[in-house]
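Please open the structure in your viewer and keep the selection tool at hand.

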Amino acid sequence: MPRYAQLVMGPAGSGKSTYCSTIVQHAEAINRSIQVVNLDPAAEHFNYPVMADIRELIHVDDVMEDDSLRFGPNGGLVFCMEYFASNFDWLEESLGHVEDDYILFDCPGQIELYTHLPVMKQLVEQLQQWEFRVCGVFLVDSQFMVESFKFISGVMAALSAMVALEIPQVNIMSKMDLLSPKAKKEIEKYLDPDMYSMMEDSAVTLRSKKFMKLTKAICGLIDDYSMVRFLPFDCTDDEGINIVLQHIDFSIQYGEDLEFKEPKEDDEEPGNKNFDEYFQDRVDS
Ligand SMILES: Nc1nc2c(ncn2[C@@H]2O[C@H](COP(=O)(O)OP(=O)(O)OP(=O)(O)O)[C@@H](O)[C@H]2O)c(=O)[nH]1
Ligand SMILES: [Mg+2]
């Protein structure tokens, strides 16, 4: 029997730990068991019970205080994650061998972990060897996505993780509850983006014409292959949380042995209808 994992990734402060605790609470309410592993060696606050905590293996303060290493916070984090990668037996022992387990891995916010460092890929391969089906969940703060050029950067960050990890990935726009109704309306176009028209927008904001060609090429590529979409995540909206969870479950075929239901959509592309429904709900209410 397979086991299931979500790698919860995203830039610093994007809401990864809050996402994990929201999902755990939601799971409890619907009688599902989902557990969390903290993989952030510098974590200070999170409010979920941990199944395992990397700080028991190594803490970033220990590395920074070590006179022979003398790392700063970012170098210290990289050191900790490399140490973790060479001690996966610690994780194996902490996880045990429970079939059908469903585990969220709350990852650190340093973006280099998802772009060029090998540790996350090594973790994915190790989890797959332990029969986990792994889904990447990439969070981007919705408040930083309301302008075209910021959005394009967010898309590129999500894309880096997709390219580096080669696993199914669900991209999430977090903290939707913080947006004003006007901003929510505005952000609708970014959830299911038309990159070509976005490129026209960014033409206005980009001062230099020098980068126009590059931006155009990137937007065109992303649009032509429908590579990146975002699901809205509002931690106060149970129905929305459920839809996000359904999409992730579907990507790792969670519960295929049970009677599995596809995400609500039947005849439309999964992404689009979800966005439409989300905003339709808000217009109705
Ligand atoms: N209102 C609201 N606040 C949120 C939400 N998600 C996160 N926050 C707040 O944003 C801040 C950062 O959230 P975290 O969940 O710690 O973010 P993180 O990605 O785990 O941060 P790092 O681990 O430091 O990279 C906290 O003050 C949270 O309370 C959300 O959905 N709604
Ligand atoms: Mg965190």
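In which loop is Glu 131 found? Select Glu 131: it is found in the loop between helix H6 (119-129) and strand E5 (132-141). Helices (H or I, at least four residues) and strands (E, at least two) are DSSP runs, numbered from the N terminus. The model is predicted, so local features need pLDDT of at least 70 and side-chain atom pairs count only at pLDDT 80 or more, while totals for chains, interfaces and linings use all residues. Residues are numbered from 1 along each chain as its sequence is written, and chains are lettered from A and ligands numbered from 1 in the order in which they are written.

Remain at Glu 131, where phi is near 70°, a positive value in a residue other than glycine. Most residues other than glycine have a negative phi.

Next, select Glu 166, in the loop between helix H7 (148-165) and strand E6 (169-174). Its phi, near 55°, is likewise positive. Glu 166 is exposed, because 11 other C-beta atoms lie within 10 Å.

Proceed to Glu 82 in helix H3 (residues 73-85). Its C-alpha atom is separated by 9.8 Å from that of Met 120, 38 residues apart along the chain.

Finally, select ligand 1. Among the 15 residues around it, Gly 15, Lys 16, Ser 17, Thr 18 and Gly 109 come nearest; a residue counts if its C-beta atom, placed from the backbone, lies within 6 Å. Helix H1 (residues 16-29) gives the most to this shell, with three residues.

Methods:
A residue is buried if 20 or more other C-beta atoms lie within 10 Å of its own, exposed if 12 or fewer, and partly exposed in between; C-beta atoms are placed from the backbone.
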